[in-house]
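Student: I would like to go through this model with you, one question at a time. Please show the sequence and structure before we start.

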Amino acid sequence: MPISIDQQEKWMDSIIDTTGNNKRFIICDNENIPVGMVGLYNINWIHRTCEIGLYIGNKSAQGRGYGKESCRLIEQFAKEYLNLRKIKLNVVLDNEAATRMWKFLGYEEVGKFRDERFIKGEYKDLVLMEKFI
Ligand SMILES: CC(C)(COP(=O)(O)OP(=O)(O)OC[C@H]1O[C@@H](n2cnc3c(N)ncnc32)[C@H](O)[C@@H]1OP(=O)(O)O)[C@@H](O)C(=O)NCCC(=O)NCCS
């Protein structure tokens, strides 16, 4: 979908606000070049849960360990600084790279929404995962 400049500006403002229930971080390589983003979303301070989101935007940076490393760091931040206890996520069923990574990091599948996402003309299942940190 095309995005207007106004919408883009609002999104940028929301991204840099780390005071609320979302904490987003930019992932940089060793030369400090941004390669992606990782964040904790919908933090619930009573139940001490949140969701995780991760994106390595630069294709040439994928498969080089940034995803795993940034998840480990943000999990440590969630546990030791925010005192959270569980992280949840959604992954589209056929996203093999992401599914393999989440399983490797100890996330367990707890359910599935069938035909939940419309992607490139097809409905895809959405897998729900969680990890106690
Ligand atoms: C999925 C994603 C976050 C992984 O990050 P990454 O930095 O590329 O992954 P890493 O190099 O840290 O590898 C972590 C693990 O992911 C899996 N993986 C990564 N790329 C893979 C690929 N092309 N095919 C299969 N598995 C892959 C592997 O299990 C890998 O561990 P291993 O190298 O020990 O086998 C990244 O590819 C990405 O941003 N994809 C697009 C957005 C997305 O799918 N986000 C997740 C939504 S839930």
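Student: Leaving aside neighbours within four places in sequence, which residues is V38 in contact with?

Tutor: This is a predicted model, where local features need pLDDT of at least 70, side-chain atom pairs count only at pLDDT 80 or more, and totals for chains, interfaces and linings use all residues. Residues are numbered from 1 along each chain as its sequence is written. Two residues are in contact if their C-beta atoms, placed from the backbone, lie within 7 Å. Beyond its sequence neighbours, V38 contacts F25, I27, L54, S70, C71 and I74.

Student: In what order do the elements of the protein chain run from the N terminus?

Tutor: Helices (H or I, at least four residues) and strands (E, at least two) are DSSP runs, numbered from the N terminus. The protein chain has three helices and six strands. Their order is α-β-β-β-α-β-α-β-β.

Student: Why is the protein chain described as being as compact as a globular protein of its length?

Tutor: The radius of gyration is taken over C-alpha atoms, and the globule rule is 2.2 Å times the number of residues to the power 0.38. For 133 residues the rule gives 14 Å.

Student: Is helix α1 largely in the open or buried?

Tutor: The helix covers residues 5–16. Its expected span is 1.5 Å times one less than its number of residues. Of its 12 residues, the number buried is zero, so α1 lies largely in the open.

Student: Which element supplies the largest share of the shell around the ligand?

Tutor: A residue is near a molecule if its C-beta atom, placed from the backbone, lies within 6 Å of it. The ligand is surrounded by 19 residues, the closest being Q62, G67, K68, A97 and M101. At least two shell residues come from each of β3, α2, β4 (86–92) and α3 (96–104). The largest share, six residues, belongs to α3.

Student: Which residues does R85 touch, not counting those up to four places away in sequence?

Tutor: R85 sits in the loop between α2 and β4. It is partly exposed, with 14 other C-beta atoms within 10 Å. The residues it touches are R48, F132 and I133.

Student: What is the phi of N32?

Tutor: N32 lies in the loop between β1 (23–28) and β2. It is exposed, with 7 other C-beta atoms within 10 Å. Its phi is positive in a residue other than glycine, near 70°.

Student: Where is N42 found?

Tutor: N42 has a positive phi near 50°. It is exposed, with 10 other C-beta atoms within 10 Å. Its place is strand β2.

Key. A residue is buried if 20 or more other C-beta atoms lie within 10 Å of its own, exposed if 12 or fewer, and partly exposed in between; C-beta atoms are placed from the backbone.
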